[in-house]
Amino acid sequence: MLFYFSATGNSLYAARKIAEEDNEQIFSIPELIEENSCEFTLKPGENAGFVIPTYYYGIPTIVADFIEKLKLNDVQGHYVYVVMTCGTTTGNAAEMFAKLMKKRGVTVSAKYAVVMVDNYVPYYPLPGKDIQKICLDNADRMLADIQQKIAAKETGDFNTVKGMLHGFGTFIAYPYYKYGRKTKDFHVNDSCNHCGICERDCPVKAIRIVDSKPVWEKKTCVLCLGCLHRCPKAAIDYRNTTVKSGRYMNPNAGLKKERV
Ligand SMILES: Cc1cc2nc3c(=O)[nH]c(=O)nc-3n(C[C@H](O)[C@H](O)[C@H](O)COP(=O)(O)O)c2cc1C
Ligand code: SF4
Ligand code: SF4
């Protein structure tokens, strides 16, 4: 079985790619939390995989929340792995994941990372479509290698994109995320056509359409930027920094039809 969280489709695409090898069932973490369905029993020989994006050199808060609720029965001796998707570098994100799993009695056997298109547009605008394509083609090669290693149940740390001083990077950067994530920083402009996609797809139900406009009802959220990227009118901005940054959805993830 394979668990994933994805806002703009990179991790969803990577999860599907990995799952197709063994015809594994994949589960959306927000949906499992919403359905309060967090207990699983592994079949003999079955793997437990996690594919998640890197946030501020750490893991999304919703994944940390999920780990706290997750009960994996009969997990001893099973191959458990994590694949961090990222824009450039993961820092100690996979180690953070493994540490939280350890607290729940689960040993992570292998850590992987794959570089995809960076969807964190408040700092840097998106690269052009040609660069995005090169990046995603390269990601396919990284994923093929990961697939092989998972098929062979290789154990170890295979993450080559942690960056320099990765532990320090996470120590410095992650608190800005963990204690930030304020929804007051999101604004919507007049081009909103009140389609409701932002409300529908927010993984923590932080948004409600009121008088035909999104209102962020929760004070904090996951900061996944899904609402910002997936709005068909590009009507959502974060801190007045993203108006000209471009919007991204992984072109191979088929996101429009699905809830992530
Ligand atoms: C809040 C936030 C923080 C991010 N921080 C990092 C980071 O520390 N390092 C990195 O390489 N990419 C970072 N990214 C980029 C994402 O990890 C990357 O684009 C990921 O593949 C997105 O996955 P998704 O499309 O499944 O949502 C960040 C993205 C967001 C939204
Ligand atoms: S997704 Fe965009 S256009 Fe649709 S309701 Fe939300 S802000 Fe408005
Ligand atoms: S409000 Fe937007 S950024 Fe925050 S969790 Fe919901 S979809 Fe993600």
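How far apart do the C-alpha centres of domain 1 and domain 2 lie? The C-alpha centres of the two domains lie 23 Å apart. The model is a predicted one, in which local features need pLDDT of at least 70, side-chain atom pairs count only at pLDDT 80 or more, and totals for chains, interfaces and linings use all residues. Residues are numbered from 1 along each chain as its sequence is written, chains are lettered from A and ligands numbered from 1 in the order in which they are written, and side-chain values use heavy atoms, with hydrogens and water left out.

The chain is divided into domain 1 (2–177) and domain 2 (183–257), with bounds that come from an automatic or database domain assignment. Between the domains, 26 residues of domain 1 are in contact with 25 residues of domain 2, where contact means heavy atoms within 4.5 Å.

Rolling a probe the size of a water molecule over the atoms shows where empty space is left. On a 1 Å grid over the protein atoms alone, a cavity is a set of points where a 1.4 Å probe fits but cannot get out; a pocket is an open set with protein on both sides within 12 Å along at least five of seven lines; and lining residues have an atom within 4 Å of a point. Grid points are joined across faces, edges and corners, and a volume is the space filled by probe spheres set on the points.

The largest pocket has a volume of about 670 Å³. Its lining is made up of 32 residues, and T54, G87, T88, D118 and Y120 lie nearest its centre. Two or more lining residues come from each of α1 (10–22), β6 (80–86), α5 (129–151) and α6 (166–178); helices (H or I, at least four residues) and strands (E, at least two) are DSSP runs, numbered from the N terminus. The largest share, 3 residues, comes from α5. By class, the lining of this pocket has 19 nonpolar, 12 polar and 1 charged residues. Here Ala, Val, Leu, Ile, Met, Phe, Trp, Tyr, Cys and Pro count as nonpolar, Asp, Glu, Lys and Arg as charged, and the others, Gly among them, as polar. The largest pocket lies between domain 1 and domain 2, because both give residues to its lining.

For the second largest pocket, the volume is about 520 Å³. Of its 16 lining residues, A64, M96, L100, Y174 and K178 are the closest to its centre. The elements α3 (61–69), α4 (93–103) and α6 each give two or more residues to this lining, which divides into 6 nonpolar, 4 polar and 6 charged residues.

The structure also holds 3 cavities of 30 Å³ or more. In the largest cavity there is about 180 Å³ of space. This cavity is lined by 23 residues, the closest to its centre being C202, P203, C224, G226 and C227. Both α7 (197–201) and α8 (226–230) give two or more residues to the lining, and the lining as a whole has 19 nonpolar, 2 polar and 2 charged residues. Domain 1 and domain 2 both contribute to the lining, so the largest cavity lies between them.

The space taken by ligand 3 is the largest cavity; a molecule sits in a cavity or pocket if more than half of its atoms lie within 2 Å of its grid points. Among the residues around ligand 3 are F186, W216, C221 and L225, a residue being near a molecule if one of its heavy atoms lies within 4 Å of it. The shell around ligand 3 has 12 nonpolar, no polar and no charged residues.

Ligand 2 sits in the second largest cavity, which holds about 80 Å³ of space. Of the 14 residues that line this cavity, C192, C195, C198, C231 and I236 lie nearest its centre, and the lining divides into 11 nonpolar, 3 polar and no charged residues. Around ligand 2 itself there are 13 residues, the closest being C192, N193, C195, C198 and C231. This shell has 9 nonpolar, 3 polar and 1 charged residues.
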